[in-house]
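Subject: Handing over the structure

Dear colleague,

Here is the structure I promised to pass on to you, with the sequence alongside. Below it I have written down what was found, so that you can follow the notes with the model open.

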Number of protein chains: 2
Amino acid sequence: MTNVQILPERQQATPSLIFETLHRYQHTMALKAAIDLELFTHIAAGATTPAVIAARCAASERGIRILCDFLTILGFLRKSGSDYSLTRDSSLFLDQHSPAYAGSVVGFLSSPVTLDLFRDLAGVVRSGGPLNGSGHMLPDNDIWVEFANSMVPMIAPVADAVANAVAVPGRRLKVLDIAAGHGMFGISVARRNPQAEIVAVDWKNVLEVAERNAARAGVQDRFRGIPGSVFEVDIESRYDLVIVANFFHCFDVPTNIGLLKKVWTAMKPGGLLATVELVPNDDRISPAIAASFSMNMLGATNGGDAYTFPEFEGMFRAAGFDGSRMQLLEPLPHALILTAR
Amino acid sequence: MTNVQILPERQQATPSLIFETLHRYQHTMALKAAIDLELFTHIAAGATTPAVIAARCAASERGIRILCDFLTILGFLRKSGSDYSLTRDSSLFLDQHSPAYAGSVVGFLSSPVTLDLFRDLAGVVRSGGPLNGSGHMLPDNDIWVEFANSMVPMIAPVADAVANAVAVPGRRLKVLDIAAGHGMFGISVARRNPQAEIVAVDWKNVLEVAERNAARAGVQDRFRGIPGSVFEVDIESRYDLVIVANFFHCFDVPTNIGLLKKVWTAMKPGGLLATVELVPNDDRISPAIAASFSMNMLGATNGGDAYTFPEFEGMFRAAGFDGSRMQLLEPLPHALILTAR
């Protein structure tokens, strides 16, 4: 054998982070593929080896073995020998038979229409917004019906945490849920407070989803909709509580201040504005999930952003509101900002 | 202000890992966009604020600010106040004026033709291989010319580490570089050992890239090519050293054993086979970069894989080779397997 010299390890920069980052799109696609194949559901039902999982998924054994290893590396499966099993979270969110199944969230967030917003991201950065002119923000865009239908598993725990903070059981409440979508924020308040009456504003096609969810939750008698854009329709008045969840991030500051003035007018003195958002720290680079959310808004909206707490406070004060305070909903990544009228 | 009750933090499962994973394709696209915009190069040249960077990149300030924050979260930039600066690695690999600039690697690994292999990953897993029939493995596929042209910055330090281990300066060496691509493995040996003569096998269109690189390195007199598929052409004989870098992973075990038998015959007794690969541990889920590489091979090849060391040993022995030993090239993710003839 030829004599081999191995020098001691050298300090050498490596492009590993670059290499790794260039493959992260595969992480998204692997999770999407696993949902499409019902892989987690089959593992939950007792398939543990590549051969058996492949048979249940009607897929190749090579493909399943490689996908399962990849999902194990990503933290969605555990592996012991050549047997795979679900993690606690995969069991809860990725098995179709779990009540918290979030397959629809995966489908929505990894759908071609969402991914394609970022396909020419250099072009988006150059122009400052979506290349199709409006991203996801077209009026009556069916994507918001899909969003409303899809995002309930992800949003339900957030809505629950928010209702826990603002529903005030035992007190009569007139509640406005702005851009209600799936309706879960208002519905959660209605479930927790039997004297709460919910008015939900959203486009007509989206409101149908919210109304269906309200009926499922048994609160349809105290849930009614105002169809249309909240920027255009009469939103009524004398609200005790207004919920604006994951909506301000779609718009620029002047648009939000305009909306907030309309909201201020519609509220009772002493009423409460509850804003639910992913709120980065003032450095805009932490925490990672909230700070990264700006990128979503760059790809999907013309002026939206993940706003910091001081930026929200500035918008609220400019519209006439009093001081705000922020409550993190940990371990959820969302924050709840409570603002007095 | 309405009375607000905040219950103490509850233990609650969250779909955060799911949410985060569904956005990781944005990481890949952000790095690609930054290279397309020459963002790192402009920062290296003194642009530090969103406004100035945007002007130099001919891009919107909104887009640049959000992209720079995102790249900071990912570890490619540092942020202080609203000023951005390069990290050591970004400076080395992502500034066009650095000799180690890896923009071409980014371009290749995030090109639509590469990303599209994973666009319907469920379909790939079902069928067990690329949906276009052959992935990247078509003969004379121009993608390998692009690969050879693009990957030098990433592969140069690997080739250097390998040459350091196998070039044996002071000794006459006839070297075969199989599927040479950019030619950097053979070229690195030739640079380190003035008595080494390199024979490089690859498709004709790819060999032109290797020959150009050999001329640049000043070793063209000791570098010649055999055009064609290594599975088909006469590869000559009496080699002291055969280098097979990042090639076995493209094929299934029987194909590799067939190739190895041909290689064994072409080598001198006592010759050395040097295999360069990303080699996962036997568990196939660690280390992450090497183990994840299987997914690339699922998307791009019909039978390839990231093989473990025992799997390589099995193939080598089946072709008549003696024992092997593996040397990790840390901090590079690659391993070098040395096998005696």
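B:Phe147 is partly exposed, since its relative accessible area is 21% and a residue must be under 20% to count as buried. Please keep in mind from here on that this is a predicted model.

B:Phe147 also takes part in an aromatic pair with B:Trp144, which is edge-to-face, with 5.0 Å from centre to centre and 70° between the planes. Because these two residues are 3 residues apart in helix α10 of chain B, about one helical turn separates B:Trp144 from B:Phe147. B:Trp144, with a relative accessible area of 19%, is buried. Another residue of helix α10 of chain B is B:Ile143, which is buried with a relative accessible area of 6%. The C-alpha atom of B:Ile143 is separated by 30 Å from that of B:Ala319, and the two residues are 176 residues apart along the chain.

Over all chains, the structure holds 22 aromatic pairs. In one of them the ring centres of B:Phe108 and B:Phe147 are 5.3 Å apart and the planes stand at 70°, so that this pair is edge-to-face. Since B:Phe108 belongs to helix α7 (residues 103–109) of chain B and B:Phe147 to helix α10 (residues 142–150) of chain B, the pair ties together parts that are 39 residues apart in sequence. B:Phe108 counts as buried, at 4% relative accessibility.

In chain A, ring pairs link A:Phe248, A:Tyr307, A:Phe312, A:Phe316 and A:Phe321 into a cluster. Leaving aside residues up to four places away in sequence, A:Thr275 touches A:Val244, A:Phe248, A:Phe312, A:Phe316, A:Ala335, A:Leu336 and A:Ile337.

A:Arg341 lies over the face of A:Trp264, at 3.4 Å from the ring centre, and in chain B the charged end of B:Lys174 sits over the ring of B:Tyr239, 4.7 Å from its centre.

Turning to the nonpolar side chains, the largest nonpolar core has 123 residues, and those with the most contacts inside this core are A:Leu39, A:Phe40, A:Leu121, B:Leu39, B:Phe40 and B:Leu121. To take one of these residues, B:Leu39 touches B:Ala34, B:Ile53, B:Cys57, B:Ile64, B:Leu67, B:Cys68, B:Leu71 and B:Leu77, when residues up to four places away in sequence are not counted.

As for how the two chains are arranged, chain B is superposed on chain A by a rotation of 180° with 0.0 Å of shift along its axis, at an RMSD of 0.0 Å. The two copies are thus related as by a two-fold rotation axis. Within chain B, the C-alpha nearest the axis belongs to B:Tyr25, and lies 1.8 Å from that axis. Because 100% of the interface residues of chain B are also interface residues in chain A, the copies meet through the same surface.

The side chain of A:Ser110 reaches the backbone oxygen of A:Val106 at 2.6 Å. Not counting residues up to four places away in sequence, A:Ser110 touches A:Thr28, A:Lys32 and A:Leu115, and also B:Leu22.

Of the 341 residues in chain A, 61% are buried. Among the contacts in chain A with a separation of 6 or more, residues 24 or more positions apart account for 65%.

With best wishes

Methods:
Residues are numbered from 1 along each chain as its sequence is written. Chains are lettered from A and ligands numbered from 1 in the order in which they are written. This is a predicted model: local features need pLDDT of at least 70, side-chain atom pairs count only at pLDDT 80 or more; totals for chains, interfaces and linings use all residues. Side-chain values use heavy atoms; hydrogens and water are left out. A nonpolar core is a set of buried Ala, Val, Leu, Ile, Met, Phe, Trp, Tyr and Cys residues joined through side-chain atoms within 4.5 Å. Buried means under 20% relative accessible area, exposed over 50%, partly exposed in between (1.4 Å probe, protein chains only). Contact means heavy atoms within 4.5 Å. Rings of Phe, Tyr and Trp (its six-membered ring) pair if their centres lie within 6.5 Å; planes under 30 degrees apart count as stacked, over 60 as edge-to-face and the rest as tilted. Helices (H or I, at least four residues) and strands (E, at least two) are DSSP runs, numbered from the N terminus. A charge sits over a ring if NZ of Lys or CZ of Arg is within 6 Å of the ring centre and within 35 degrees of the ring normal. Copies are superposed by least squares on the C-alpha atoms of residues with pLDDT of at least 70 in both. A polar contact is a pair of N or O atoms within 3.5 Å; within protein, one must be able to donate a hydrogen and the other to accept it, and residues adjacent in sequence count only if both atoms are side-chain atoms.
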